Amino acid sequence: MINFFKQQWWKWLCAGLLLYILLAGMLIPLGPGITSIQPFVFKTDSVYTFSIKGYNTNFSANNNTQVWFKAGQEYFCSVSSKVISTDEVQVSFGIPSAVASRISDNNYDVVLNNDDDGTISLREALTLLKGSAIEIDSTLEAKVTGCKVEVNRNQANVFAFPFREILYESIRNTFYHVPMWFAMLMMVILSSVFSVMHLKSGNVVHDTIASAFVIVALFFGAMGLFTGMMWATFTWGDPWPNDPKLNGAAVGVMIYVAYIILRGSITDEIKRGRVSAVYNIFAVVIFILFIFIIPRLPDTDSLHPGQSGNPAFSKYDLDSILRMVFYPAVIAWILLGLWFTSIIVRIKNIEIKNL
Amino acid sequence: MVQYSGAKNISAESAIALFWLILLFSAVNAIANALHQEPEGRKYYYMWLAAPTDVITAKLIYNFLLSIFLTLVAFVTFAVLVGFQLTDYLLFITTAIAGSCGYAFVFTTVGAVASGSKNNASLLAILGMPLVIPLLIFISKLSVASIETAASEQAIQNLFLLLAFDVIIAALALVLFPYLWRD
């Protein structure tokens, strides 16, 4: 490890990757999507005019912009639609009571399709209130159900991050928050490996490296909590919702704070190395229990992606453009952790020599 | 305790939470005392007399019996003074035994680690509290299960996880204690 620390190439790689994720993560735009629809409630048997607002969209009269509404498994056409600007469409729509009564779901999704943006949608955008409107349009059923529905689910031909409801622009935090935990886990595992080596060999260098890894792991843990709290404030509206993964992470950080306290309370160098190595091995087992076992228990519900607390990324969450930045980000933050560790080890070695 | 038994309408969940808190603090104090009372000289005597794995096994068994005794006393006192509203007594008693076993194992191992420093009583609490939280998670799930329904498949699975946790801690103690012993 010391020889690896002395080499230069991976530090250049780390700096290059960090620059890449900083630039790519900030410069690649967010894909098109629908942010809101006004009004969001309506009644049966009358035609309403809705205003649909888009984000980073290219609505235009020339690119085939069409709007549908979806309830249950059925699609309905709009009566008419008019493009106001590149990010606003006005659309007339209503639902006959005969049709509404055979659909159990009162929430209607908006689906919008054009040649530039592909198919974009807003789930449960409209809510149907019970009862008919005052002005009744008797020809509505033919207008809404009589047309041909062509939702071909084509992809947008733009190079962009996916537009997700709730996340919006904060999806870029994926390159910071998630790799922080990957890096912390890596530091913690490497630290425990060096603790085992220290117990086997009694070499002080191994103990120094193990403790440096813990300090860096704590830094990444603090950064992971901090970025997570910012993200949670934006998406869930609360910096600290009572989520099993949050509490697990906080306890994981606490375990390693206790490691630092333990090291501080023992003055004898040889004893400190041995005792803290034993505690470190103990701690990594509990830490892995917290990160991998407890969030996966079947009766644990988490707000994090992947239902029932399963922390894995599904195909749905991470698309190919996100992956292009996400995997380099994981490597970059782990390498940065190694870089920090090498500097802390050098400082500690100088301190030992001066004593 | 006096305040709660005065206010009669305490819910079943908070009664059990109170029970486990009392048990946690009494276990910490009892095990810390057991560690503290051991004079420095006796440690070297044991070292000369027996293998380290035998010493830690003896300590684990002693602290296990101590915390089982504490659990029994607390259970009887609590049942008389506050009263449990349980549907599945067998599940709760199994949880109590497995849980107090976990308390004993965690604090014995952490106590062995903390005995290397000067002020080991406060260090025992600092080191032990985060490690005991997974135990508390399983215990609270099982306690709620024993209030609400008879043992479900979920509860049995949690009970096995709790026992697996005990076994892991004991195994780690057995493997790592010899390294602490070498002075």
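User: Is A:F50 buried or exposed, and what is its relative accessible area?
Analyst: The model is predicted. Buried means under 20% relative accessible area. A:F50 falls under that cut-off, so the residue counts as buried, with a relative accessible area of 0%.

User: Which geometry do the rings of A:F42 and A:F50 have?
Analyst: The ring centres of A:F42 and A:F50 lie 5.9 Å apart. Planes over 60 degrees apart count as edge-to-face. The planes of A:F42 and A:F50 stand at 90°, so the pair is edge-to-face.

User: What is the geometry of the rings of A:F42 and A:Y108?
Analyst: Here the centres of A:F42 and A:Y108 are 5.5 Å apart. Their planes meet at 75°, so this pair is edge-to-face.

User: How many residues apart are A:F42 and A:Y108?
Analyst: A:F42 sits in strand β2 (residues 41–44) of chain A, and A:Y108 in strand β8 (residues 107–114) of chain A. The pair links distant parts of the chain, and the separation is 66 residues.

User: Which residues do ring pairs link into a cluster with A:F42?
Analyst: A:F42 is buried, and A:Y108 is buried too. Both belong to a cluster linked by ring pairs.

User: Which helix of chain A supplies at least two residues of the lining of the second largest pocket?
Analyst: The second largest pocket is lined by 21 residues, with B:E40 and B:K43 among those nearest its centre. Chain B contributes through α2 (12–36), α3 (40–49), α5 (89–114) and α7 (153–181). From chain A, the helix is α8 (269–293).

Terms used. Residues numbered from 1 in each chain as written. Chains lettered and ligands numbered in written order. Predicted model: local features only at pLDDT ≥ 70, side-chain atom pairs only at ≥ 80, totals over all residues. Heavy atoms only, no water. 1 Å grid on protein atoms, 1.4 Å probe; cavity = no way out; pocket = protein on both sides within 12 Å on 5 of 7 lines; lining within 4 Å. Helix = DSSP H or I, 4+ residues; strand = E, 2+ residues; numbered from the N terminus. Phe/Tyr/Trp six-rings, centres within 6.5 Å; stacked < 30°, edge-to-face > 60°. Buried < 20%, exposed > 50% of the residue type's maximum accessible area, 1.4 Å probe, protein only.
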